[in-house]
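Hi there,

Here is the structure I promised to pass on to you.

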Amino acid sequence: MNLRMSIHHIVALSLLAVLTLSTVSAQDLADSVYDFTLDNGLRVIMVDQEFAPTISFNLMFDVGGVDEPPGLGGIAHMVEHMAFKGTRSIGSKDPVRELELLAEVELNVNTLAEARENGASEEELAELEQALNEAQERALELQDVNYLERLMDQNGAVGLNASTGYDRTSYVVSLPNNRLELYARIYADILLDPVFRSFYEEADVVREERRQRSEDDPRGALFEVFLREAFKVHPYGRPLIGDPEEIAAYRTEIALDFFDTFYQPNRAVLVLAGDVEPERDLAIIENFFGALPEGSETHIDIPSEPLQSSERRVEFSFDAEPQVIAGYHKPTYPDRSAYVLDVASAILSSGRTSRIYKRMVVEERTALSAFTGSSFPGTRYPNLFIFYALPRSPHTTTELEEAFYQEVERLQTDLVDERELEKVKNQVRAGFIRSLASSSGLASQIAFYELFLGGWENLVSYESIIETVTAEEVREAARRYLVPENRTVATLISEGSEDQ
Amino acid sequence: MAFQAEERFRDRLSQRQPRTHLMRSVVAVLALLLTLTACNRAQLDTLTEQQATLQARLAELETQVETVGDTLASQTEGVESLQTLLGDLAPQVDTLSETLVPPEGSPSLTEVLAGLESDLDQLDARVTTLSREAALREGTIPSDWPAAEALEFPEITLSPPEPTRVELSNGIVVYLLEDHSLPLIDGIAYLDVGSLYEPEDKVGLADLTAGVMRTGGAGGRSPDEIDEDLEFLAASVEVSSSGLLTSVSFSSLVDNVEEVLDIFADVIMRPDFDEERLEVARGQALESVRRQNDQPMRIASREFFNRLAEGHPASFTPTEETLNAVTRRDLIDFHDRYFKPNITYMALSGDFETEAMVELLEEALGTWRAREVDFPELPPLNPHPEPKIYYVNKEVGQSIVLVGHPSVLAYTDAYNALDVANGILGGEGFSSRITTEIRTKRGLAYSTGSALTQGFEFPGYFYAFSVTRVERTGEVIERLLGEIRRLQEEGVSQEELDVQRNIILNRAVFRFSSPAAIARRAARVELLELAPNYYETYIEQVQAITPESVQEVARSELRPDEMIVLVVGDKTQFDRPLSDFGEVVEIELE
């Protein structure tokens with residue numbers, strides 16, 4: 001506190017002020033973080049933020065779309081849905097009888113699948129489907145439907161959710177801080193004793209989710225086409241939610257195997273950000289999560305994407321206005337060029353003074369929006385630098401592409417202005433300070449850094465690396481990676497306009 | 001490929017199940033005895049003796065079974081003993097078979113044996129019960145874990161900081177809340193003006209005014225200058241507008257706050273509305289209109305809410321024509337007419353000293369002159385728009401279904417009860433009926449539920465929705481309406497009501513989760529002319545609600561027979577024609 005007050009009086013150069021302040025914040029963060037590792041390997045990180053008596057939780061697992069076996073696209077996401085179905089002691093009216101009925105559902109599913117394979121008649125299939133439905137209904141009767149969510153909600157849970165990415169799966173919720181024991185009791189139970197009840201009903205929900213996000217939505221559909229084209233070998237090319245045929249083929253057994261393999265304490269980080277009392281809270285967490293057996297080490301061989309040698313282009317038509325996405329393969333952290341390309345992306349499209357916004361939106365007025373991103377669609381493996389834009393009629397995606405390539409060429413030819421570079425660095429520093437104001441956002445970042453980027457402490461060092469990026473490095477990275485033969489472009493063409 | 005999930009589920013029971021099939025074997029042995037009913041009287045005594053032995057053994061067996069129930073370890077032993085017992089029984093049966101001669105019939109013996117069998121059945125049932133209890137006790141969670149619902153929690157003592165309320169010399173109301181945890185300052189000004197006040201032939205004017213206030217230069221600073229200065233300082237000033245509110249916000253590192261406040265003041269008080277930047281904003285808005293039918297979701301919500309508020313300014317959406325009708329002069333006039341300090345309510349939070357900050361604000365904004373604002377009269381919202389089924393044709397895999405009608409003003413008595421009713425119906429996600437019935441039990445949707453919007457000035461809306469594969473469209477409409485009717489006809493259970501009340505009570509702490517949230521809410525409450533204790537009243541009323549009052553408000557305020565229904569989808573694939581639900585009007589998209 002005193003330290004910061006003294007800094008307030010330095011002011012003088014605003015730039016200097018920004019710099020020093022952020023150093024203080026880095027120290028502040030380090031001072032308020034407590035990290036522990038349980039005997040079973042679960043890492044527990046607490047961030048003490050005392051404003052309100054609440055805690056934001058983020059339980060993140062080192063498992064995502066990239067870890068899925070071939071043919072089982074989306075199973076990581078399916079398992080994420082199933083984690084909310086409860087346990088034997090949470091969500092059942094009669095757990096033993098319910099397990100028996102769930103076993104019967106599985107028998108019916110198998111019988112039906114076999115009949116389909118053997119080309120049974122429509123009538124036979126209808127009968128078997130009916131039998132399956134009845135078995136499902138019998139099992140459902142013994143289920144206390146959505147009990148886990150209800151229990152959380154009525155204890156004041158806010159933002160109860162989970163998300164699956166290519167890299168990781170994350171379970172989030174915020175609770176009044178007197179409910180820590182409830183959190184630990186429920187989530188440790190899920191990991192220890194999950195019951196994947198209503199599995200096939202949930203697979204239907206996921207099928208609806210796929211329709212909503214990836215089939216009827218133009219952007220979702222375009223991104224799927226784009227990633228398939230950009231990654232021919234690496235799983236970043238597969239749809240995260242799975243193909244319809246894959247979803248239809250999910251079986252409880254497969255999902256349980258996937259869960260058993262990956263949902264182990266040594267592959268997880270639990271972050272609590274908010275009004276914590278580290279010693280007391282750790283004891284509560286240990287009491288429940290400590291009961292999880294130590295998991296075995298699992299190594300998944302994920303194939304590398306071969307070097308791309310020529311531009312790939314793909315078009316598809318859709319009932320919507322045109323859009324375009326282009327992407328270049330690039331390394332990920334901790335490779336230095338990943339940081340350098342973060343800076344390049346900010347120069348191109350972050351804010352109203354960025355090069356692409358000024359050119360395409362304000363001056364030439366060819367785009368409704370234009371955006372670049374430097375770590376798509378994940379961060380664990382070599383990924384893409386992307387450009388995504390919507391043209392303003394009568395301008396076309398081709399014009400936007402050309403303008404973008406000219407901007408890339410500018411990066412490859414001229415050194416970026418020192419002030420431009422400084423502006424980006426200022427924004428990264430301020431962004432770090434702002435990130436400390438949110439407990440859920442901070443919890444998520446800390447979990448991700450701890451799992452994949454060498455430890456949460458590196459969250460603090462990110463800005464100091466950005467600080468050292470030079471104009472020459474930006475030019476060099478643009479020359480090396482943002483080249484046509486390393487590029488994939490996907491374009492959404494308005495349905496009915498193909499002939500124009 | 002063999003799927004073993006069935007075994008996985010069974011495995012969870014195995015070792016804990018005391019092999020009821022063994023008991024079945026005992027019954028089978030007795031069935032065998034039954035076939036030996038033809039024994040002669042002389043042998044009856046022997047047989048009765050044997051039977052007595054059997055019964056004694058059964059008593060023994062029963063004791064064993066009780067042991068089985070106790071622990072997993074002894075259960076396994078119990079199973080072994082059962083096997084031994086069975087082994088003992090077998091030779092006896094053999095002996096019986098050898099000594100008895102068939103068949104003369106002995107009714108009394110048949111009865112005895114039937115009784116014995118019935119004893120065994122009971123025993124069998126008991127074993128099952130015991131085994132379940134044992135299985136539960138012997139689950140993989142440690143035995144000292146309390147049941148999740150049995151946990152008790154210490155009370156939370158909540159003493160949130162109160163923001164300081166200050167009125168600047170020109171009437172701006174400011175709520176300030178210091179927070180020295182980070183070197184940041186955030187602020188927002190809410191103005192009591194929005195798109196509801198724009199003329200019908202210039203829909204889009206409020207948005208364009210808000211947009212170009214920020215991008216069109218201000219106080220003699222050029223558009224580029226403002227962008228450049230703010231972004232170099234990693235600060236922001238943004239303007240946005242909604243139906244009833246316009247907000248102008250800023251965020252700054254503490255050391256640059258004077259500079260940022262100066263820009264903020266220029267933007268709010270002295271926008272220059274650069275002609276070129278207006279053209280940029282108009283072009284963006286026109287392109288957005290061109291793209292307004294790209295996403296089925298966007299079509300559905302626009303067309304639905306426009307029908308709910310038909311004739312009211314809340315239903316107006318910008319078109320090419322209205323956007324092109326807006327001139328720079330309109331922006332200047334709109335700003336001049338409505339952007340006044342006397343309808344401005346601010347909230348500031350962050351690393352400042354309150355007194356010094358008030359001085360800064362007075363300096364930056366003090367010259368802004370107050371003037372009475374002449375608000376146009378808003379027409380009333382028709383509370384009973386004509387019920388119809390609206391259909392928008394779109395070749396999609398999923399239909400978007402919305403059903404609803406105008407409802408009540410926010411935080412009135414009826415709203416407070418209806419809010420709870422809606423929570424039970426579909427407003428509280430997985431803790432509500434629609435999600436349970438449509439999503440969880442039947443897998444018919446990923447997005448489904450209901451909502452009660454907060455109406456200020458004019459009533460809010462009640463609606464239910466589902467995004468469902470086209471071939472189940474009719475079923476889902478039926479289910480949505482059915483759940484609304486069920487709420488009216490059957491009411492709710494005390495348990496369902498308790499869940500909702502607990503949700504509201506226990507979440508209340510999140511209203512104070514950040515200094516910005518506290519200060520901003522105080523400013524909005526005053527702008528919306530809500531009673532300062534409106535939320536306490538709401539909580540009190542929610543606590544007093546009974547299942548009867550929920551049913552009552554559902555009956556008086558929900559009108560399942562007078563719904564506006566909107567469906568975006570492909571009717572050639574529907575399971576039922578929409579005309580089943582009422583008069584259908586097809587909306588042609590532009």
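A search of the whole structure, which is a predicted model, turns up 41 aromatic pairs over all chains. One of them joins Tyr183(A) and Tyr187(A): the pair is stacked, with 4.3 Å centre to centre and 20° between the planes. Why do these two residues sit about one helical turn apart? Both belong to helix H7 of chain A (residues 180-192), and because they are four residues apart there, about one helical turn separates them. Tyr183(A) and Tyr187(A) are both buried.

Elsewhere in chain A, ring pairs link Phe61(A), Phe84(A), Tyr171(A), Phe196(A), Phe259(A) and Tyr263(A) into a cluster.

Arg419(A) places its charged end over the ring of Phe232(B), 3.9 Å from the ring centre. In chain B, the charged end of Arg307(B) sits over the ring of Tyr390(B), at 5.1 Å from its centre.

Now to the strands. Chain A has an open sheet of five strands in the order E7-E11-E8-E10-E9, and the pairing is mixed. Its edge strands are E7 (312-318) and E9 (367-376), each of which pairs on one side only. On average, neighbouring strands of this sheet are turned by 15° against each other, direction ignored. E9(A) pairs with strand E10 of chain A (residues 383-391) in the antiparallel sense, over seven bridges. As for Ala367(A), its bridge partner in E10(A) is Pro391(A).

Conventions:
Residues numbered from 1 in each chain as written. Chains lettered and ligands numbered in written order. Predicted model: local features only at pLDDT ≥ 70, side-chain atom pairs only at ≥ 80, totals over all residues. Heavy atoms only, no water. Phe/Tyr/Trp six-rings, centres within 6.5 Å; stacked < 30°, edge-to-face > 60°. Buried < 20%, exposed > 50% of the residue type's maximum accessible area, 1.4 Å probe, protein only. Lys NZ or Arg CZ within 6 Å of the ring centre and 35° of its normal. Pairing = 2+ DSSP bridges. Axes fitted to C-alpha atoms, helices over the stretch in contact; angles between N-to-C directions.
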